[in-house]
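Dear colleague,

Please find below the structure I promised to hand over, followed by my notes on what was found in it.

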Amino acid sequence: MGSIFRSKAAEVEYYHYYDKSLEYFELEGTSRYIATAYGDTYVTCFGDSGKRPLILLHGMTMSSAMWYPNIKSLLQERCVYAVDIIGDFGKSKPAAAIKSRKAANEWLLEVLDQLQCSKADLAGHSMGGFLSMNFALAHPDRVSKLLLYAPAGTFHPMSLKFFVKIYPALLFHTEKWIDQAFLWFSGKGEPLHPVFRDQVISGYSHAKPLLQLMPSVFDRKEFSSFNIPTLLLIGDKEVIYPAGKAMAKAKGLIPDLETHIIAGASHSLTLEHADTVNGLSVLFLQKDDKAEALDENCD
């Protein structure tokens, strides 16, 4: 394996658009590859390494570039590590496909170990939210706080419409189908930012994701002793499941849970309602920080 792209030229094109997207961060980051049993994982670090670490896991097919509206605010409180999920669109180079929750946790645990993060805050959007919750359930000793932005599956089954909208884009690779999928995710009915759209179009057109794990709903039994402080943000126009029902289910599972329904937001809440998401995230990260352990940093 080693690449999800159909040709070297396609990979070069995607990397070009990826780097153009990163310009919108308006920040200097330090990137490196981390070797794992599942391949080389691309991680970009932003901010002061002396601060407590926050690991970001992006939504499916979005790559770490999706965090361009959020990074600056999160840096107020944390050193941020944006991780390209192995097998998905981005710069990571898979050696094996992730097909199970166990494999996903093995991969992410290796990433944290290689970063020398004994404990970190963990945040994810959509598929990244599912993977974050999955990891926190399996390794609660490695997660200080959990931030979930419209997590896929997790608390409520996903709508069949999700598959109807996404799979044509993945199968047919046309700009029409890709644009339609992301317009459906938009609470504002707006297309993706032009530069970020170029990256997404390039990925859908020239790559085949190797992330073969489907988000699911976690069993109530898995939360029997779960006590990690968790933030859950879902838009009131969410299309992949009913926002209210997902929130209600989460409240019955996680005792230390803070929830907010974001008015006017759909699945693209971190992009389209960044100010609201950022503000709530920073306030959540600030809570009880002094009482937390001070040794949570990465090298």
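Pro69 sits in the loop that runs between strand S3 (53–57) and helix H2 (71–74), where helices (H or I, at least four residues) and strands (E, at least two) are DSSP runs numbered from the N terminus. This is a predicted model, in which local features need pLDDT of at least 70 and side-chain atom pairs count only at pLDDT 80 or more, while totals for chains, interfaces and linings use all residues. Residues are numbered from 1 along each chain as its sequence is written, and side-chain values use heavy atoms, with hydrogens and water left out.

With a relative accessible area of 23%, Pro69 is partly exposed; buried means under 20% relative accessible area, exposed over 50%, and partly exposed in between (1.4 Å probe, protein chains only). Not counting residues up to four places away in sequence, Pro69 touches Thr270, Leu271, Ala274 and Asn278, contact meaning heavy atoms within 4.5 Å.

His125, in strand S6, counts as buried at 4% relative accessibility. Leaving aside neighbours within four places in sequence, the contacts of His125 include His58, Met66, Trp67, Tyr149, His267 and Thr270.

Turning to the helices, the axes of H1 (residues 8–22) and H7 (residues 194–206) come within 8 Å and cross at roughly 160°, which makes H1 roughly antiparallel to H7. Axes here are lines fitted to C-alpha atoms, for helices over the stretch in contact, and angles run from 0 to 180 degrees between N-to-C directions; those under 35 degrees count as roughly parallel, over 145 as roughly antiparallel, 65 to 115 as roughly perpendicular and the rest as oblique. Among the residues that meet are Tyr14, Tyr17 and Tyr18 in H1, and Val195, Phe196 and His206 in H7. The residues of this contact of H1 with H7 divide into six nonpolar, five polar and three charged (Ala, Val, Leu, Ile, Met, Phe, Trp, Tyr, Cys and Pro count as nonpolar, Asp, Glu, Lys and Arg as charged, and the others, Gly among them, as polar).

Ala103, Ala104, Asn105, Trp107, Leu108, Val111 and Leu112 are buried in H3, and the buried residues of H3 pack against elements including strand S1 (29–36), strand S2 (39–46) and helix H4 (127–138). Just after H3, Gln116 takes a positive phi of about 60°.

Best regards
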